[in-house]
Amino acid sequence: MTSAPELTVVQVPVSDPRVEPLLRELGDEYTARYGRDAHGELARYPDEEFTAPYGGALLLLLERGVPVAGGAFRRYDARTAELKRIWTHSAHRRRGLARRVVAELEREAGARGYRRIRLTTGPRQPEARALYLATGYTPLFDTRADPETIGPLPFEKHLPAPAARTGKASDL
């Protein structure tokens with residue numbers, strides 16, 4: 001019996017060379033679904049918005065040191081992080097990696113004091129819509145409507161408040 005390779009989570013700047021496959025594949029995917037101007041979506045936000053000083057983060061899942069999935073969040077407001085750039089390498093899909101990325105981003109956002117996550121996904125990304133519904137996000141649109149009539153599909157999720165510490169030994 002073989003075991004699954006261990007995944008390592010790393011926080012990196014957008015300039016890290018390991019982020020290149022994420023940006024390239026997302027750009028190609030957006031272009032295939034939405035047309036040639038879709039690469040502009042990746043340039044919409046300055047890279048620094050995905051760094052800790054600006055309230056954001058970019059995480060990669062590495063398998064044997066190679067990026068297989070990733071995603072980011074940026075500060076939306078004082079209590080809300082906005083997920084962006086959720087990606088799974090085309091050779092590693094159908095392994096639950098996107099769920100892991102979303103969970104890691106939620107954990108990191110919660111650790112930074114965010115209490116809510118928001119995000120949008122395109123109307124031509126049914127797998128992303130299904131991911132967010134399956135991971136507990138509330139759709140802020142009519143799920144019965146034709147997605148093409150809505151435009152970007154907004155979702156939100158409220159994060160649990162951090163556990164209060166009482167100073168008891170059981171809290172340590």
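Which residues form one aromatic cluster? Tyr-132, Tyr-137, Phe-141 and Phe-155 do. The model is predicted: local features need pLDDT of at least 70, side-chain atom pairs count only at pLDDT 80 or more, and totals for chains, interfaces and linings use all residues. Residues are numbered from 1 along each chain as its sequence is written, and side-chain values use heavy atoms, with hydrogens and water left out.

Rings of Phe, Tyr and Trp (its six-membered ring) were paired if their centres lie within 6.5 Å; planes under 30 degrees apart count as stacked, over 60 as edge-to-face and the rest as tilted. The partners are 41 residues apart, with Phe-73 in strand β3 (residues 66-77) and Tyr-114 in the loop between α3 (97-111) and β5 (116-121). Helices (H or I, at least four residues) and strands (E, at least two) are DSSP runs, numbered from the N terminus. Burial was assigned by relative accessible area: buried means under 20%, exposed over 50%, partly exposed in between (1.4 Å probe, protein chains only). Phe-73 is buried because its relative accessibility is 0%. Tyr-114 is buried too, at 5%. Tyr-132 and Tyr-137 have ring centres 5.9 Å apart and planes at 70 degrees, so this pair is edge-to-face. Tyr-132 has 6% relative accessibility and therefore counts as buried. Tyr-137 is buried at 3%.

A charge also meets a ring. The charged end of Arg-118 sits over the ring of Tyr-76, 4.4 Å from its centre. The criterion requires NZ of Lys or CZ of Arg within 6 Å of the ring centre and within 35 degrees of the ring normal.

The strands form an open sheet of seven, in the order β1-β2-β3-β4-β5-β7-β6, with mixed pairing. Two strands pair if DSSP finds at least two bridges between them. The edge strands, β1 (7-11) and β6 (138-139), each pair on one side only. Strand β7 (residues 153-158) pairs with β6 in the antiparallel sense over two bridges. β5 and β7 are also antiparallel, over six bridges. Phe-155 in β7 is the bridge partner of Pro-139 and stands opposite Leu-119. Five of the six residues of β7 are buried.

Helices pack on this sheet. Helix α1 (residues 20-34) lies across β2 (57-63), β3 and β4 (80-88), at about 85 degrees to β4. α3 touches β1, β2, β3, β4, β5 and β7, and its direction makes about 40 degrees with that of β3. Contact means heavy atoms within 4.5 Å. Axes are lines fitted to C-alpha atoms, for helices over the stretch in contact, and angles run from 0 to 180 degrees between N-to-C directions.

A nonpolar core is a set of buried Ala, Val, Leu, Ile, Met, Phe, Trp, Tyr and Cys residues joined through side-chain atoms within 4.5 Å. The largest has 27 residues; Phe-73, Leu-83, Ile-86, Tyr-132 and Tyr-137 have the most contacts inside it. At least two residues of this core come from each of β2, β3, β4, α3, β5, α4 (126-134) and β7. The largest share, six residues, is from α3. Leaving aside neighbours within four places in sequence, Tyr-132 contacts Ile-86, Val-102, Leu-119, Thr-121, Tyr-137 and Phe-155. Another core, of 15 residues, lies apart from the largest one and includes Val-10, Leu-22, Tyr-30 and Tyr-45.
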